[in-house]
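Visitor: Hi, could you walk me through this model? I'd like to start with one of the helices.

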Amino acid sequence: MRHDFSVRIGPVGFRIGSDWRAPIAELESLYCDYPKPHDGVPDFTVRLFARRPWRRIIRPSVEIGGDYMLPEAAPLPLRQGLLAAEMAMNLQMALGARRYLLLHASAVERDGRALLMTGVSGAGKSTLATLLAAKGWRFMGDEFALLDPATGLIHAFPRLISLKNEAIAAAELAWPDARMGPLMPATPKGDIRHMVPDTRAIAAMDVPATPALLVFPRYGFQAETRSVPPAEAFVRMTQASTNYVAIGEAGFRALTGLIAAVPSVAIDYPDGASAIEQVEALWSAL
Amino acid sequence: MVRAVSDARLLARALADPASIVGLDADGWTALLTMARAEQLIGTLAMRLDGLQMPDGVQAILADARAAAEHGRRAALWEAEMARRALSAVDCPVILLKGTAFVAAGLSAGQGRSIGDLDILVPRASLDAVEAALLAAGWEWVKPDPYDDVYYRRWMHELPPLIHRERDRMIDVHHTILPLTARITPDAAALIDGSFTLENGLRTLSPNGMLIHAAAHLFADGDLAGGLRNLWDIRCLIEEFGTDGLDMEAKRHGLSREVSRSLRIIDALFAEGTARGTDRLYIRRITARDGWGRPTRPITRLAFYVRSHWLRMPPAMLARHLWTKWRKA
Amino acid sequence: MSGTIFRGPLDGGLLIAPLDEFTAVYHRASGITHLLTEPAPQILAVLGEGASSLDGLLERLGRDYDLDDGTREALAARLEELVEAGLIERA
Amino acid sequence: MDDIELNQDPVATAETDTGVPSRRRVLALGAVTAGMVVSIRPALAQTAGSVLNCEIPVPDPGRAGSYIDADGGVVPARTKGAFPPSTRAFKGEEVKRAMASGSTLPGTDSDRSRAYVKYIRRLQRGQGGFTCFASLQMPRG
């Protein structure tokens with residue numbers, strides 16, 4: 001394609017091709033500290049393209065394509081090209097990943113052990129991960145955690161952190177020196193701004209961690225902690241994984257293994273500070 | 001160094017002659033893998049290249065593709081098994097078609113093959129009973145639309161698609177291998193008579209029957225989308241069973257032209273043959289894919305798309321069909 | 001109906017992970033994971049010893065358990081559920 | 001990960017906790033209310049929100065031009081009492097709002113919106129808009 005860029009995030013290599021320069025320039029700048037795909041061969045290809053040639057120029061509209069596609073993906077305006085690229089990369093992971101059990105969870109690490117946080121969008125898993133990282137945890141990812149069925153270890157996938165609405169200001173406060181992408185107001189998901197994970201997160205992205213705690217956070221409620229029964233945790237994780245069914249027996253072994261090995265806890269929290277307190281308390285009780 | 005190839009001939013060559021990948025650089029590998037995914041041949045490619053020297057990154061991608069194909073094989077066989085159970089009370093032969101048949105019979109064409117819906121062939125006289133049994137066992141109509149339904153029942157060679165409400169898998173129930181509107185009318189009864197029984201009581205077409213079906217589907221029906229995969233199927237069938245009696249059987253179904261075209265194009269794509277005349281156009285269409293996985297040659301594609309409608313329907317009917325669709329849109 | 005023989009998956013055909021009152025079962029032939037509650041795991045366990053008719057199954061379950069509401073109709077309904085899920089079949 | 005409680009032999013599972021038949025206990029055959037088998041289905045639901053900006057046409061392109069009746073069924077064009085198709089596809093977010101709060105879909109009144117939402121709820125895999133609809137189905141938080 002006319003413009004392209006390759007990058008490796010954790011164990012996964014991507015190649016992004018684009019009909020326009022702008023999204024590629026943004027990716028190059030934000031991912032400048034990341035390595036290239038193993039052996040120069042990406043795991044996934046992503047395409048950002050114009051449906052009709054004139055759409056490159058007149059009201060340019062970015063269609064999303066690649067190795068794996070969903071028929072109903074709607075195009076985005078060119079000024080949201082970076083968002084389109086990130087969505088398309090996530091889509092490849094969600095539909096194409098096979099080597100790891102893909103958990104829709106954020107992850108942070110301390111002393112070689114990983115804390116996984118999962119929940120529906122808005123539960124705060126992304127915000128909590130960035131807040132914990134600001135307190136000294138190693139950031140492993142805010143969207144996907146990769147569980148290796150062969151080892152039971154969690155691999156990091158520290159892609160750009162996608163901050164939404166109020167989370168933008170909160171993250172800027174916690175990470176005043178962080179590098180930020182352009183502010184994209186009024187996207188289909190609200191205001192969005194991408195933040196580059198800290199240097200340590202990128203430098204250590206090839207170091208896996210042993211899962212130690214699985215948390216289901218929920219924002220906007222009085223602080224409360226309750227243990228989640230194994231069957232509920234199991235089912236929720238099958239629904240929080242896009243490839244659980246696709247990887248078959250390996251997925252079953254990996255997930256039942258995870259549920260048996262680590263405590264599952266639901267926490268309701270009214271604000272970030274309480275959540276961190278609750279998480280730290282759970283962690284020290286392990 | 002391998003010469004840069006800008007279309008899916010790169011993929012065809014890698015399938016036919018796995019050693020041709022020696023010397024591919026990173027960009028060559030990337031293009032090959034991307035094309036293979038776009039043509040739904042990545043699992044097949046992974047099986048063909050298993051054990052060869054290649055970069056670790058490529059090795060890992062192909063190992064994933066093999067695992068995915070194995071999972072797909074299992075799911076396809078299970079869907080066939082569930083159909084078998086649902087239809088066990090209907091007294092008629094149930095013949096697996098396409099990918100599911102290849103894996104159920106353990107054929108080389110099934111190795112690594114991606115398999116979508118379950119396709120079965122049953123005698124036309126049993127169609128109502130089969131439909132009732134499937135509906136009773138949890139399958140539901142995908143498109144409860146009156147026009148489509150009438151259209152299907154009147155003109156198509158299959159029931160409107162059904163989907164299983166628990167397993168989310170589709171089944172296509174055919175009673176012959178080409179639409180009733182097509183100018184060619186294969187002898188479905190003969191295909192059924194010649195079918196082979198598998199251990200579990202399900203059946204597959206005879207090797208020649210499978211080959212003829214693949215050729216009919218490719219050259220007398222669709223717009224050649226997925227053509228490379230179809231041709232690879234045929235190539236595997238020939239390698240495994242030869243072509244004894246093929247001419248005569250193709251003639252009986254009125255598909256001699258399609259079958260011999262398949263053989264010539266396979267020879268050109270996967271061996272040393274040289275394509276001539278209109279065969280070259282077909283090859284242009286079948287290999288219209290670039291290293292980014294994008295479809296190329298839009299004019300050629302459009303021509304074959306129009307042709308596919310032309311083949312399916314007599315002109316007056318095509319006009320009526322397009323008119324109805326247009327009014328609704 | 002009363003003469004129907006029910007057959008479970010082949011030996012090694014299931015991976016079983018007890019969770020709590022639920023049991024996760026991976027069915028190898030289909031690649032499908034099922035979450036089961038009582039009495040499904042017990043029925044599968046008995047059928048794992050060999051195919052059986054409804055009455056035979058009732059008797060074998062009665063050997064290991066007190067069947068508080070062990071009517072044939074109830075067991076027939078449970079078997080129907082397992083048949084629909086593809087975990088057992090009518091032989 | 002082979003040390004987890006995996007038991008490949010179904011025979012040994014009758015007594016799940018100990019692996020040994022112990023005390024005789026009660027087995028309820030009839031007390032099941034909701035069904036004793038739940039099959040895990042592929043999920044795109046939770047994640048699709050972050051991977052997809054999607055649209056749902058009403059009805060899907062395969063049935064373009066058809067009307068939607070009050071129950072969300074697809075009926076022939078100009079059926080009495082049914083609603084004409086939507087002139088534009090709805091954004092995932094719009095549908096989510098309408099389903100969550102009962103607000104109307106843009107450009108519709110409440111009856112029509114209700115019919116459209118019912119149609120969307122009845123979407124199945126293989127129909128246009130299904131994946132988008134599935135992505136809006138949030139599991140219980």
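Guide: Happy to. The buried residues of H2(B) pack against strands E2 (12-18) and E3 (44-49) of chain A, together with helices H1 (9-16), H3 (42-49) and H4 (56-87) of chain B. Helices (H or I, at least four residues) and strands (E, at least two) are DSSP runs numbered from the N terminus. Contact means C-beta atoms, placed from the backbone, within 7 Å.

Visitor: Before we go on, where do the numbers and letters come from?

Guide: Residues are numbered from 1 along each chain as its sequence is written, and chains are lettered from A and ligands numbered from 1 in the order in which they are written. This is a predicted model: local features need pLDDT of at least 70, side-chain atom pairs count only at pLDDT 80 or more, and totals for chains, interfaces and linings use all residues.

Visitor: Back to H2(B): how many of its residues are buried?

Guide: 11 of its 13 residues. Buried means 20 or more other C-beta atoms within 10 Å of the residue's own; exposed means 12 or fewer, and partly exposed is in between, with C-beta atoms placed from the backbone. Trp29(B), Met35(B) and Arg37(B) are among the buried ones.

Visitor: And what comes after H2(B)?

Guide: Gln40(B) follows, with a positive phi near 55°.

Visitor: Okay, new topic: which residues touch the most other members of the largest nonpolar core?

Guide: Leu103(A), Ala107(A), Leu116(A) and Ala145(A), out of 124 residues. A nonpolar core is a set of buried Ala, Val, Leu, Ile, Met, Phe, Trp, Tyr and Cys residues joined through C-beta atoms within 7 Å. Helix H2 (residues 81-96) of chain A gives the most, 11 residues.

Visitor: Where does that core lie?

Guide: Between domain 1 (3-96) and domain 2 (101-159 + 197-284) of chain A, because both give residues to this core. Those bounds come from an automatic or database domain assignment.

Visitor: What does Leu116(A) touch?

Guide: Not counting residues up to four places away in sequence, its contacts include Leu103(A), Pro211(A) and Val215(A).

Visitor: Last one: what strand order does the open sheet in chain B have?

Guide: E3-E4-E5-E2-E1-E7-E6, 7 strands with mixed pairing. Strands pair if DSSP finds at least two bridges between them. Strands E3 (139-141) and E6 (196-197) of chain B are the edges, each pairing on one side only.

Visitor: How does E3(B) pair with E4 of chain B?

Guide: In the antiparallel sense, over 3 bridges. Glu140(B) stands opposite Ile163(B) in E4(B).

Notes. Two residues are in contact if their C-beta atoms, placed from the backbone, lie within 7 Å.
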